[in-house]
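Subject: Structure handover

Hello,

Here is the structure I promised you. Please open it first, then read my notes below.

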Amino acid sequence: MNTPRAGIVLVISAPSGTGKTTLVKRLLEEFPNIGYSLSCTTRPPREGEIDGQDYTFLSKEDFEARRDTGYFAEWAEVYGNYYGSPLPPTREMLAQGRDVLFEIDVQGAAQLHLTIPEALCIFILPPSLPTLAHRLHTRGKDSEEIIAKRLASARRELQEAHWYTHWIINDDLDTAYAELRATYMAATLAPRLCPQRVHRLLNETTGEK
Ligand code: ADP
Ligand code: 5GP
């Protein structure tokens, strides 16, 4: 019995460098039914980043104009740049019965937690702050100045982790991924996603005379 179900909203946050993007990429590869909410940002592209694939890169003016028309489901200023999740593609994916994943900061996650209380809000924790610093350096995509800014923000972001529905520690990558996968799989089993399933069963006959 393959009854269609409502979509799940997954919100994933972590201090920069924790491994959020690595874990999310793996989840999206394994579960094509999860759509990715492609964010807009005013941050300049990092080397190798592609417009329309990693982010939609916008000027500050363009971002502000879209924000003022209510285009974003949430938005925030992070490390001096604007980031926002466009509402129309999310609505469309949910209408198609797909799940939607938001990879966003704690301020944006708090906004979605208020507007979508049933959202799965997962915070990925680094095993330690020195490990986080090491990962930011080995990723090799940010300047020393930016890495220092991100490490300073990590403590503030960790202080906001308490209200999330799930915490996953990204120490060993495979273990963290198994936990992320299990969290998502468990969420797909919620009766509220498919309340008609039991009614359908009750309307069936057993076939016995
Ligand atoms: P974020 O999206 O949270 O900023 P990334 O996914 O870009 O983080 O990961 C930051 C760096 O840490 C990358 O170089 C990535 O390959 C590495 N990394 C991610 N998870 C682990 C892990 N469990 N152990 C070791 N290195 C990891
Ligand atoms: P980065 O510049 O490293 O790609 O992202 C910096 C931070 O901004 C990360 O915590 C990332 O999750 C967050 N971020 C990315 N897109 C969005 C978004 O659309 N909204 C919000 N609130 N944060 C975002």
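First, a term: helices (H or I, at least four residues) and strands (E, at least two) are DSSP runs, numbered from the N terminus.

Some ground rules. This is a predicted model, where local features need pLDDT of at least 70, side-chain atom pairs count only at pLDDT 80 or more, and totals for chains, interfaces and linings use all residues. Residues are numbered from 1 along each chain as its sequence is written, chains are lettered from A and ligands numbered from 1 in the order in which they are written, and side-chain values use heavy atoms, with hydrogens and water left out.

Ligand 1

Now the polar contacts (pairs of N or O atoms within 3.5 Å). A polar backbone atom of Thr18 is 3.3 Å from an oxygen atom of ligand 1. For a backbone N or O atom of Lys20 and an oxygen atom of ligand 1, the distance is 2.9 Å. Asp171 has a polar backbone atom 2.9 Å from a nitrogen atom of ligand 1. On its own, ligand 1 has 560 Å² of accessible area (Shrake-Rupley method, 1.4 Å probe), and the protein covers 74% of this.

Ligand 2

Which residues come nearest to ligand 2? Of the 18 around it, they are Ser39, Arg43, Tyr55, Tyr83 and Arg150. An N or O atom in the side chain of Ser39 is 2.7 Å from an oxygen atom of ligand 2. Arg150 also places a polar side-chain atom 2.7 Å from an oxygen atom of ligand 2. Gly84 uses a backbone N or O atom, 3.1 Å from an oxygen atom of ligand 2. The protein covers 96% of the 510 Å² of accessible area that ligand 2 has on its own.

Strand E5 (72-78) and strand E6 (81-86) each supply at least two residues of this shell. Its classes are six nonpolar, five polar and seven charged.

Best wishes

Conventions: Polar contact = N/O pair within 3.5 Å; in protein donor to acceptor, adjacent residues only side chain to side chain. Near = heavy atom within 4 Å. Nonpolar A, V, L, I, M, F, W, Y, C, P; charged D, E, K, R; others polar.
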